[in-house]
Amino acid sequence: MLVLLDLSAAFDTLNHKILLNVLKNDYGFDDMVLKWIKSYLSNRSFKVTVNKCKSGECLLAIGVPQGSILGPLLFILFTKELELIANKYGLQLHCYADDCQIYFFFKSATESFHAHESNLQPCLFEIKTWMTNNFLKINQDKTEILEVYPFYAQKQSIRSIIVEEKDIPVQKSVKSLGIHFDQKLSFEKQVSETVKTLNYRLKNMCRIGSKLNKDIKLTVVSSYILSKLDYCNSLYAGINQSLLNKLQCVQNASARFICKAHTTHWRQVGSMHELLKERHILPVNYRVLYKIALLCYTCLNNTAPSYLCNLISLKTQSSYSLRRNNDCYLLKVLKRPRYQKMENAFSYIGPSVWNSLPWNIRSVNNINTFKTALKTHLFEQAFNSIQYNFYIVIIIVNMLKYLVRFV
């Protein structure tokens, strides 16, 4: 069960005096640092411009600058107590800037759920009270709830949750940090919305395509198409192949946009892969593998969040003298789960992808070198296997033709 809390104008209502007290008492900031932060937040003003009319300047006595590096960081430090409140009631809380999410696990509509539901109401009430005392506000009308139930279940077990005498219905899908999550984590809506957005961008890009050369087109595609495809694409691991094909069609269209490929050309067998290979663009499924391997690398080097690092661990060295068994860069692969859908979890697919990489890539200790070596490896693997499969298809077709003639 996932509860997404919506905060109204969170960055604009942060009290400077309370923030400085929190930094001093809870985090031990000394006077010199506090003076620096106070000077950073003070003497800021804004004005509104409509057409050619400008308002007078207004002094900002509260809030942190949006779009800055320190803004989200200061807000996270300010709201650290929310996690302590959630843990007190046995619930988990994750915050990313002003996006706060409470979640818990339960088995169907049993006593486990009712116990967490009884804790959820006082937890939300205490969070609301804390925010009121610190000049923040929860927008209860925009608070959403999502129940992620087993893929083999026919329907959800919970219809709504009553919070402060208000019935909040359980949604079929919610949007968190730009990603659409549905009740079975199929990501069908996420893929359809991504394809819709990218097709709209490609349509607008084609209007100016004749004015751009290939290098500029590649830059535009990387910024507006590939960046959208790569955003949180590790979630696409193990999803339905038809959904991956939709994303691949968008990538193919962007490759045709770059290379000015005519319709009769790119429809030829194998020509689309040649376009992707020419511009050194990895197919969508290999971009997913790239992101998963990169997440494993950051976990092993303790640069990833702790909730990801705790999901994987190094394989214990065996007493055998074989080099493969004594490879200290292998990850421990969990026992094959009971259901195939559970193989999409990072704790299972992460070590599987990592261990499939060559030893010379897994042993790299520089992240930039690792990225280069990983992309080169996946690029060779993608297009060499495609070319090999293409030749196999040609051989099979020729054999079928020969058999038909023989019969």
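Q: How do α11 and α13 lie to each other?
A: This is a predicted model in which local features need pLDDT of at least 70 and side-chain atom pairs count only at pLDDT 80 or more, whereas totals for chains, interfaces and linings use all residues. Residues are numbered from 1 along each chain as its sequence is written, and side-chain values use heavy atoms, without hydrogens and water. The axes (lines fitted to C-alpha atoms over the stretch in contact, angles from 0 to 180 degrees between N-to-C directions) of helix α11, residues 284-300, and helix α13, residues 346-355, come within 9 Å and cross at roughly 95°. With 65 to 115 degrees as the range, α11 and α13 are therefore roughly perpendicular.

Q: How many nonpolar residues has the contact of α11 with α13?
A: L289, I292 and Y297 are among the α11 residues that meet α13 (heavy atoms within 4.5 Å), and F346 and W354 are among their partners in α13. By class, one residue is polar and none is charged; the nonpolar residues number 13.

Q: At what angle do the axes of α1 and α3 cross?
A: Helix α1 spans residues 16-25 and helix α3 residues 70-78. The two are roughly perpendicular. Their axes come within 10 Å and cross at roughly 70°.

Q: Which residues of α3 make the contact with α1?
A: The residues of this contact divide into seven nonpolar, no polar and no charged. From α1 come I18, L19, V22 and L23. The α3 side consists of L74, L77 and F78.

How values were computed: Helices (H or I, at least four residues) and strands (E, at least two) are DSSP runs, numbered from the N terminus. Angles under 35 degrees count as roughly parallel, over 145 as roughly antiparallel, 65 to 115 as roughly perpendicular and the rest as oblique. Ala, Val, Leu, Ile, Met, Phe, Trp, Tyr, Cys and Pro count as nonpolar, Asp, Glu, Lys and Arg as charged, and the others, Gly among them, as polar.
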